[in-house]
Amino acid sequence: MEKIKELNSYVAHLKKSLDEIDEQAKLILRTDIELNKTQEELDKKITALYALQRISREISKTLDETKIFAQIQESHLEDIGFEKALGFLWSEKNKRFNPVLNIGYSEKETEFIASQLENNLYLKLMANIETISSFSLTDKQLNEKIKNLFKVNSFIIAPILPKDGSQGFLFVGTEMTDTLLSAGNEELINILANQISQALENARLFEKIWQAQQELERKVEERTIQLSSALEEIKLISKRKSDFVSAVSHELRTPLTSIKGYASILLSEKLGQLPSAVKERLEKINRHSDELSRLVNDLLDISRIESGKVTMKQEIINLKEILEEIKDLMNVQLKEKNIEFSYELSAEAEYVFADRQQLNRVFINLVGNAIKFTPPEGKIFIKTHSLENKMCQIDVSDTGIGIPQESIKAIFDEFYRVDNPINQRVKGTGLGLSLVKRIVEAHGGNIWVKSKLNEGSTFSFTLPKP
């Protein structure tokens, strides 16, 4: 009996151990099933994320709004876990949602669904920036209504909200009864809708930029034609002006020569002695005739240079020789005002390639103006230096009264004279600087001026080096 009792106790212990092993086996089995299920869900989510990445990459490749929805393929949708999809954009003009994406529906079905949409519901969805689904929608009646209309068992609807242009919504659904939606599915479709919104926004922005560019190009082309026409007209007017000035100048020279000739004969008293009053008036006629002759000559020279009739006889010129000649020529005026005249020539800019006679006229005009507008005890300084483009720059500086800033732009215009006390006292034609500009430009150079009132002026011009 003791042995039987002991065996019964051992059997009970074995049974308990077997029960425990059975429970552990069941637990292991359940855990394995759960792990497999979790693994499947994880695989599905990874596949969906890859599909979302592919869709994003495809829609980002196009900037054509009409092709964005075409990049979403049925295979992409299946990888996300759905086999049906529709995309709609609101038409403010027609007051309806127009279909722009269709996967899993026929055209007839799509048009029917579009005609049966309750616009207010989806407009409210867009206004609230709200994503709804059969998983989260608490209104059971509305839930069933949407399922019946789109013929699905599960669905997600997310708003498409680009900043500019038409807005709408994306619908995805499945007929499978075993598909269980979660917040993760909603988030995934919401991300897809946001990416579509961004793609639409980029496409519309590109379209605006492209249209603006086309409009700008059209305006530029139109303006270019207008400017070309205006330039041709200006050239024609300039030619007529030059021809007129040239013709008038030639016509003036003949009577001027006669007037000066007769005045000179009378002043020589070869035809008899003249009363002092008559002689004084004849001297005025002679002097004014000289001034008028210089004016005519300057006008002729400007006209000839503009028309290209004057050929610059360019040669290698030593600037030191020219400046010494100018110093000797202007010596009387310099001494009268006790003006110091000096120059400094760079070793690389001591020689220029220019027309000697015309270059003399440039320096005579510039130094003459410097003397005219520099007070007594002033200074005139000329400096040269070499430029990189095989040109030489020459600066003619003075300590004169300077030029007002508003006059600098017009200083080289024909007949322009700065309004200052010296010009009011001393007569002039206003052609000197205009002639200088034409001569410098005929050599392929440029001329400009820097000046401040009561601080002097610097006229700078460039000439080619040999």
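A residue is called buried here when its relative accessible area is under 20%, exposed when over 50%, and partly exposed in between. The model on screen is predicted.

Start with the aromatic rings. Across the whole structure, a search finds 9 aromatic pairs. Select phenylalanine 150 and phenylalanine 171. Their rings are stacked, with 3.9 Å from centre to centre and 15 degrees between the planes. Phenylalanine 150 belongs to helix α6 (residues 140-150) and phenylalanine 171 to strand β5 (residues 168-174), so this pair ties together parts 21 residues apart in sequence. Colour both by accessibility: phenylalanine 150 and phenylalanine 171 are buried.

Next, select phenylalanine 412 and phenylalanine 459. Because the planes stand at 90 degrees, with the ring centres 6.1 Å apart, this pair is edge-to-face. Phenylalanine 412 sits in the loop between α12 (405-408) and α13 (421-425), while phenylalanine 459 is in strand β12 (residues 456-464), so the contact ties together parts 47 residues apart in sequence. Phenylalanine 412 and phenylalanine 459 are both buried.

Now select Phe88, Trp90, Phe97, Tyr122 and Phe169 together; these residues form one aromatic cluster.

Select Leu63, Phe206 and Trp210, which make a nonpolar surface patch of about 290 Å². Is phenylalanine 206 buried, partly exposed or exposed? Its relative accessibility is 38%, so phenylalanine 206 counts as partly exposed.

Methods. Residues are numbered from 1 along each chain as its sequence is written. This is a predicted model: local features need pLDDT of at least 70, side-chain atom pairs count only at pLDDT 80 or more; totals for chains, interfaces and linings use all residues. Side-chain values use heavy atoms; hydrogens and water are left out. Patches are made of residues with over 30% relative accessible area and no salt bridge: like charges are joined within 9 Å, nonpolar side chains (Val, Leu, Ile, Met, Phe, Trp, Tyr) within 5 Å. Accessible areas come from the Shrake-Rupley method with a 1.4 Å probe; for residues, only the protein chains shown count as cover. A salt bridge is a side-chain nitrogen of Lys or Arg within 4 Å of a carboxyl oxygen of Asp or Glu. Buried means under 20% relative accessible area, exposed over 50%, partly exposed in between (1.4 Å probe, protein chains only). Rings of Phe, Tyr and Trp (its six-membered ring) pair if their centres lie within 6.5 Å; planes under 30 degrees apart count as stacked, over 60 as edge-to-face and the rest as tilted. Helices (H or I, at least four residues) and strands (E, at least two) are DSSP runs, numbered from the N terminus.
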